Amino acid sequence: MKRLFAGLCVLALVSAISPLALVQAQTAADDKRPFAYDVAKEVTLSGTVLSALDKPAKGMIMGSHLLFATSSGSVDASLASLALQGKHAVSIAAGQQVEVTGVMKTIKEKQVFLARTVKVGGEVYTIRNEHGYPVSQHSRERASRKSAGEGL
Amino acid sequence: MNRKTYASILALTLLAIVFLTACSSSSAPPVIAIAGASPASGTTVTTDYGTLTAVVTSNGTPVGQGVSVTFTAPTAGPSGTFAGGASSETDLTDSTGTATSSLFTANYVPGAFAVAVTTLPAAGGNINLTNGGGVYSFYVTGTEAINGGPNFYALAGSVVLDAAGDVVPYGDSVSNPTGISGEQDYNDAFGLTSPEPSGDAILAEPLALVAVGGQYTLTLTTNNTALGVAGVETLGVQFVNNSHALITQFDGTATSSGSLDLQILPSTPGASFAFTLSGVDPAYNSVVYGGVFGLAATTPAPTPPTLTLTGIYDEDDAGAVSTGNTLTGIASQSDALGRGTITGTNLGGYVGTLNYYIVGPEAVRLIDVDANDSAVGSAFGQGTATFTNASLGAACAPAQCSVFGVESNSYGFLYATAGQIAATPAASPDTTDGTFTGVGDVDEEGSVCVDSVTLVPPCTIAGTYFVSGTTGQNGYGNLTITAGDLGDVSVLGIYMTDPALNLNDPNNTTGGGGALVAELDGLNGTGVLTPQTDTTPGDFTGSASSYAFGAQDFFCSICEFDYVGQGSFTAGAFSGTGLLSDPYNAFDSGSAMNTGVGFSGAPLADATESATGRYTMYTTNETPNPFVITVPAFVVTNPVTPPTVIDFNVAIYQASGTQAYWIDEDTFSLSLGSLQQQGDMSLVPAVRRARAAVKAAAKTKQKQK
């Protein structure tokens, strides 16, 4: 019952999310290529975390989702697969301030923000690379090992 | 006449009889009594029968020593060889008239055969023998649940099964002094990589292949305790025919899909191959490769000799695409189980070593065995033809038709696509792009391509393609779907294969070849293009044949389940049962290993089916006809826990009456798999055991009566 209630809450929240005025409407051509990622169209949105979902609610695209509130409305940010799982998962909690860089897309007739980076709690997490391709937790781990000089 | 005269006449008569008898005996041909093989007339492939013996008699009396007897085994198919590898041997009888061969060892081909035994003048007979079991290669790829998973993982290997389904050592104590029963390479690129160059040994295991309903489980006990359940891996197996099965790892430590195929050994590899690989790079991002390569003896020849590999390949590494790269490498000779190594490939600038497992001269499984990156795939022979645009697809006047299926690996951007194209080669197919039109389905992480008018799949697609016939890159090509026609699926590398191959079942010479496919546009997945030869529903959904089926399904985040099974159509409705591997609990059954799972649906032919071969099982059809998977509850409770029943939206593309691809396109789930018509399974190892058990039980019953 708890799970069902949580799911209903998320559904209610998602349905309340309004398209952001600051994000340009997507072209028809873009709509036909839902995950085509144009780094030139990136924007950075700031807001307060409403919730982080390691699995999608009904109607959402697959993968993890970050729901956060901006001054212009609520945003459903797709964190792709595995962002909220594993040792190098994005550590995020409701109420935290967050800066998300990505591209707004229309997928399944809803606006979804494909997040490339998430800055929260002083940490910057890479969710996708510059091609919009999801970066896994293992990739983040290897990157952190590399930056720590451990090599691969 | 006195007594003396009578005695003389009698003596003369007897003498005459003795003389005549002796004369007639000396001219009568000798007779061979087949003593057979010792100790047995049946053995496992690669192992020895002992010696073959035959007794030569004349009038029931052994001829004595020094008579030549020739044993001749078939030179192809199920057979064996004598000491030194000869298929024929001549031996002299000893003082008892017995000719005894050297040790006779079964070759790699299962089945019955006769060794002809002859002597002069013109006497002969047969020794009837049966090679049982077989040497099988296998490979799977999917999601590993152990070792901090979910991780990507790949597994490839080779194993010897006897006729009863036991995993047994190959060869004898000389050829196989350690008594191993198989070998494998496992690689999650995350700390669980088989030690190289040895790989893992697969150890003997009685009753390893066990029937579970219409399917089997195959237990592989390895010497690597970090893998599977303390070193023991279990595969779920669905045989398609005697030489091919669909498989999934089925022990809760990982889930995956792949193939098990009888090996033709020894095999001399063909001169040119097409290949694809799918895996993760050293940064653990998804990567795919595809290309073509040739093989030639390395000169000057090292000891032992090697093959030099040269070719061309394409790569999509987490969206970074590069094409036309030079491929090099050195391939070692394979060992007794068809395993060998390709070094120095430098794929993507980092893949150092690929191991290979031979299926046959034109089919090889490849696995990246580097510790920091992993990939698995296949290389298929290209035959001898020079390819052109006209080589793609099967005639479907006025075009050339193919169906395709491509899917990401478990660690990529999750998607699956399938479709049908009708290609028109250009007037000058060697130099100009051909064109195609068709239909396609794609599910990208839950986002499904829909037609702009009907608002349901499929999407109408069009584009161009080109296949090179240039020496050094024969069969290397590309196919571009107009951007936006099929979601983000657009640029596919295509690598042509021998038309005498079936890419789903490499021991099967029907299927028409087609091409391996690697997607090269930011999405990255691998798959196949199969010539479409028959769209008649009567030959598929109306067929009385049974079909083996399987699929690799991704749902929610990076959760995966896989299934294999068999079923058939009744009045167009499909019903089957199978095994479903579900370590991430998609069905909430209480177990990762689900048996007796039900699969059902009644495919509805599209209005355009005669041209496209497409069917749907959709909840949104006018009469909803979803594909339904029913997983029984694992834990028996009182009251009985109901099974989990989930409806899926599935489209099917019929390549012929014998093979089709199916794609799940739901918001919560996507998958790609195949249906393959089943053939003769009389030589499947455990089938023989099951039959023997039935016969034995019947005999016991009769005795009791």
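In strand β47 of chain B, B:Tyr661 is the residue that bridges to B:Tyr653. A hairpin of four residues links β46(B) to β47(B). On to the next strand: β47(B) is also antiparallel to β48 (residues 669-677) of chain B, this time over seven bridges, with B:Ser671 in β48(B) as the bridge partner of B:Asp664. The hairpin between β47(B) and β48(B) has three residues. Strands are DSSP runs (E, at least two residues) and helices likewise (H or I, at least four), both numbered from the N terminus.

This is a predicted model, in which local features need pLDDT of at least 70 and side-chain atom pairs count only at pLDDT 80 or more, while totals for chains, interfaces and linings use all residues. Residues are numbered from 1 along each chain as its sequence is written, and chains are lettered from A and ligands numbered from 1 in the order in which they are written.

Back to β47(B), residues 659-665: seven of its seven residues are buried, so the strand is largely enclosed by the rest of the structure. Buried takes 20 or more other C-beta atoms within 10 Å of the residue's own, exposed takes 12 or fewer, and partly exposed falls in between, with C-beta atoms placed from the backbone. In a regular strand, side chains alternate between the two faces of the sheet. Here B:Gln659, B:Tyr661, B:Ile663 and B:Glu665 point one way, and B:Ala660, B:Trp662 and B:Asp664 the other, all of them buried.

Zooming out, chain B has three helices and 48 strands. Its radius of gyration, taken over C-alpha atoms, is 30 Å, close to the 27 Å from the globule rule (2.2 Å times the number of residues to the power 0.38) for 705 residues, so the chain is as compact as a globular protein of that length. The C-alpha trace of chain B spans about 125 × 70 × 55 Å along its principal axes, and 58% of the 705 residues count as buried.

Elsewhere in chain B, five strands make up an open sheet with mixed pairing, ordered β2-β10-β9-β5-β7. Its edge strands, β2 (42-44) and β7 (88-92), each pair on one side only. Within chain B, β5 (residues 68-72) and β9 (residues 111-119) run antiparallel and are joined by three bridges, where B:Thr72 has B:Ala116 as its bridge partner in β9(B).

Notes
Two strands pair if DSSP finds at least two bridges between them.
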